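Please keep the sequence and the model open while reading.

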Amino acid sequence: MKLSRILSNQNGISRRRANVLLAAGRVCVDGEVCKEGSRDISRFREVRLDQEIIQQADPAHYLMLNKPAGYLSATRDPIHPTVMDLIEPAVRNHLHIGGRLDRASTGLLILSSDGLWSRRLTEPRVKIPKVYRVTTAYPISPDTADRFAEGIWFDYEQLRTSPARLEQMGPAEARLTIYEGRYHQVKRMFHAVGNRVTSLHRERMGDLVLDPDLPAGKYRPLTAAEISSID
Ligand code: URA
C-alpha cells in the first residue's frame with residue numbers, strides 16, 4: 001500500500017495532513033525518514049509517525065539458499081524435487097523465489113515471503129547485477145566479451161540484452177555479470193556465440209553474496225543490512 005494511504009487510513013489523518021507530515025520528515029519506515037507518500041510499503045515494514053507506531057511490521061522471512069544441482073526453482077513439481085524441499089516446513093509457506101536458477105544451476109538463490117521485495121531483485125528496470133561462474137563446452141572465443149558487451153539479440157523477445165561483462169578465468173571458464181534475469185539468459189547468450197554452458201553457478205545478486213560458509217543445500221536468514229541493500 002502507498003505510504004500516504006497507510007497514514008491516512010490510520011488515526012483519522014486526512015490525506016492533506018499526511019502529505020504535510022511526510023514533507024516535514026516526521027514519518028519513518030523501518031527507522032528511516034521517508035518523505036515519498038507514493039512509495040509502496042509492504043506489511044513487513046514498520047511505519048512510525050514521530051515515535052508512534054502507525055503500522056506494525058509483520059514478521060517476514062528473507063533467506064539465502066546455496067542451491068544444489070537437481071532441484072527446481074519452483075514451489076512444487078510432480079516429478080522433480082524443488083528448492084522448497086530444502087526449507088523447513090514452518091518457513092516454507094508463502095515464500096517467493098527472487099530470480100530462478102535452472103535445475104542444473106547452482107549457487108545463490110534468494111527466497112522471501114515479502115513479494116514486493118523479492119520482485120525488485122528481478123525487475124529488469126532495476127538492473128541489479130547478477131554474477132555467475134560459467135564453464136563452457138568449447139574454449140571461449142576472443143570476441144565473446146565484446147559481443148556480450150554490445151548485447152545479444154534475443155529473437156523470441158525481440159530485444160537486445162543489456163551490456164554484460166565477461167571476465168575470462170580460463171580457456172572455457174569465465175565470470176559473467178548480467179543486469180537482467182531473462183529465461184535461460186546465460187545459456188542463450190553463449191549459444192548465440194556458438195558455445196554451450198556446461199555448468200552455471202550464481203555467486204552474487206547486487207550486494208547479496210553467496211555465503212562461503214553455506215554448504216550446498218543449506219540456507220540462512222539474510223542480515224538486516226543485506227535486506228535493506230535491495231531497497
Ligand atoms: N541463466 C541461465 O541460463 N540459467 C540460469 O539458471 C540462470 C541464468
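The points below go from the overall layout to the ligand site, then to helices and single residues.

The model is predicted. The chain contains 7 helices and 15 strands, and 45% of its 231 residues are buried. Three domains are assigned: domain 1 (3-55), domain 2 (62-123 + 207-228) and domain 3 (129-205).

**Overall layout**

- Taken along the principal axes, the C-alpha atoms occupy a box of roughly 65 × 40 × 30 Å.
- Domain 2 is written in two segments, 62-123 and 207-228.
- Over C-alpha atoms, the centres of domain 1 and domain 3 are 43 Å apart.

**Ligand site**

- The residues around the ligand are Leu101, Asp102, Ser105, Tyr132, His184, Gln185, Val186, Lys187 and Leu200.
- By class, this shell holds 4 nonpolar, 3 polar and 2 charged residues.
- Domain 2 (62-123 + 207-228) and domain 3 (129-205) each supply at least three residues to the shell.
- Helix 6 (residues 185-192) contributes the most to the shell, with 3 residues.
- The side chain of Asp102 places an N or O atom 2.7 Å from a nitrogen atom of the ligand.
- The ligand taken alone exposes 230 Å², of which the protein buries 96%.

**Helices with a buried face**

- Helix 2 (residues 15-23) has Ala18, Leu21 and Leu22 as buried residues.
- Viewed down the axis of helix 2, these buried residues fall within an arc of 100 degrees, so they line one face of the helix.
- Arg16 and Ala23 are exposed and sit on the face of helix 2 turned away from the buried side.
- In helix 4 (residues 115-122), the buried residues are Gly115, Trp117, Ser118 and Leu121.
- Seen down its axis, helix 4 has its buried residues within an arc of 160 degrees, so they too line one face of the helix.

- Asn195 belongs to the loop between helix 6 and strand 13 (197-205).
- Asn195 counts as buried because its relative accessible area is 7%, where the cut-off is under 20%.
- From its side chain, Asn195 reaches the backbone oxygen of Pro139 at 3.5 Å.
- Gln55 lies in strand 4 (residues 52-55).
- With a relative accessible area of 16%, Gln55 is buried as well.
- The side chain of Gln55 reaches the backbone oxygen of Arg45 at 2.8 Å.

**Buried nonpolar residues and chain distances**

- Leu108 is part of strand 7 (residues 106-112) and is buried, with a relative accessible area of 0%.
- Between Leu108 and Val91 there are 18 Å from C-alpha to C-alpha, for a sequence separation of 17 residues.
- Ile227 is placed in helix 7 (residues 224-228) and is buried, with a relative accessible area of 17%.
- Ile227 and Leu208 are 19 residues apart along the chain, and their C-alpha atoms are separated by 8.6 Å.

**Positive phi values**

- Most residues other than glycine have a negative phi.
- Asp30 has a positive phi, near 50 degrees, although Asp30 is not a glycine.
- The location of Asp30 is the loop between strand 1 (27-29) and strand 2 (32-33), where Asp30 is partly exposed, with a relative accessible area of 41%.
- Lys127, also a residue other than glycine, has a positive phi near 55 degrees.
- Lys127 is in the loop between helix 4 and strand 8 (130-136) and is partly exposed, at a relative accessible area of 40%.

Note on methods. Residues are numbered from 1 along each chain as its sequence is written. This is a predicted model: local features need pLDDT of at least 70, side-chain atom pairs count only at pLDDT 80 or more; totals for chains, interfaces and linings use all residues. Side-chain values use heavy atoms; hydrogens and water are left out. Buried means under 20% relative accessible area, exposed over 50%, partly exposed in between (1.4 Å probe, protein chains only). Helices (H or I, at least four residues) and strands (E, at least two) are DSSP runs, numbered from the N terminus. The arc is that of the directions from the helix axis to the C-beta atoms. A residue is near a molecule or strand if one of its heavy atoms lies within 4 Å of it. A polar contact is a pair of N or O atoms within 3.5 Å; within protein, one must be able to donate a hydrogen and the other to accept it, and residues adjacent in sequence count only if both atoms are side-chain atoms. Accessible areas come from the Shrake-Rupley method with a 1.4 Å probe; for residues, only the protein chains shown count as cover. Ala, Val, Leu, Ile, Met, Phe, Trp, Tyr, Cys and Pro count as nonpolar, Asp, Glu, Lys and Arg as charged, and the others, Gly among them, as polar. Domain bounds come from an automatic or database domain assignment.
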